[in-house]
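This report is meant for a reader who is meeting the structure for the first time. Please keep the sequence and the model in view while reading.

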Amino acid sequence: GGMLINGGTLRGHARAFCSGDITDNATLVLDQSVNDSLANNGRAMDGDQDMLRGNAFGSYRQLLENVTLHPSMGLYLSHLANQKAFSYKNSQGVTVSGVPDENFAREVMQLFSIGLYQRNSDFSLKLDGSGKPIPTYDQAVIASMARVFTGWTWAGNPPDKFWQWGKDNEARPMECHPRYHDDQPKTIFNGIVINEGNNCTASLA
């Protein structure tokens with residue numbers, strides 16, 4: 001995905017605001033900054049563009065939620081059909097286990113929101129006693145954030161087809177399946193605790 005903090009990406013489209021339809025131009029910048037993953041999926045790209053257009057001048061908080069729940073982003077950053085940790089023995093007696101995919105959890109913090117390092121009010125880096133930048137999160141936070149983004153899949157899929165490719169719903173927001181959402185408390189950055197049980201919608205709030 002493109003980086004919001006990538007000055008080169010934004011500068012490349014800054015001139016667009018000097019002429020033309022400002023909503024189209026704002027949509028273009030958001031698309032380049034938030035999601036450049038849809039070049040090979042025309043239908044998904046149309047849905048993505050419509051979603052960005054509708055949020056071009058809304059809050060960034062709402063935009064980020066809409067991007068999070070767009071199935072194209074879910075496919076690209078692998079949080080579509082992401083489920084809570086599991087472990088079971090298969091028919092051969094072999095233990096099969098897995099944990100939530102961390103790809104989107106890492107990207108949403110590093111590129112779309114708080115960044116890698118803490119900042120002062122003038123945006124300079126906060127430094128620790130040895131003069132090194134202070135990270136905004138660690139691996140434990142990434143793992144907890146990954147658990148936040150569990151339980152979402154194609155709109156219209158029943159629970160028993162949680163992983164099945166959805167038909168004709170590339171542009172509809174993903175839907176929550178509580179059965180697959182991690183229902184335990186999750187401590188994320190700044191010590192914030194998300195404890196909404198198996199309600200994956202409330203966990204995003």
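Contact here means that heavy atoms lie within 4.5 Å. The model is a predicted one, in which local features need pLDDT of at least 70 and side-chain atom pairs count only at pLDDT 80 or more, whereas totals for chains, interfaces and linings use all residues. Residues are numbered from 1 along each chain as its sequence is written, and side-chain values use heavy atoms, with hydrogens and water left out.

**Overall make-up**

The protein chain contains 8 helices and 6 strands, where helices (H or I, at least four residues) and strands (E, at least two) are DSSP runs numbered from the N terminus. Along the sequence these elements follow the pattern α-α-α-α-α-β-β-α-α-β-β-β-β-α. Of the 205 residues in the protein chain, 39% are buried, a term for under 20% relative accessible area, with exposed meaning over 50% and partly exposed in between (1.4 Å probe, protein chains only). Among contacts with a separation of 6 or more, 55% join residues 24 or more positions apart.

Leaving aside neighbours within four places in sequence, M145 is in contact with A105, V108, M109, I188 and F189.

**Hairpin**

Strand 1 (residues 86–89) and strand 2 (residues 95–98) pair in the antiparallel sense over 4 bridges, pairing being assigned if DSSP finds at least two bridges between two strands. F86 has G98 in strand 2 as its bridge partner. The two strands form a hairpin with 5 residues between them, and G93 in the turn has a positive phi of about 80°.

**A loop residue**

L125 lies in the loop between helix 6 and helix 7. Why does L125 count as partly exposed? L125 does so because its relative accessibility is 33%.
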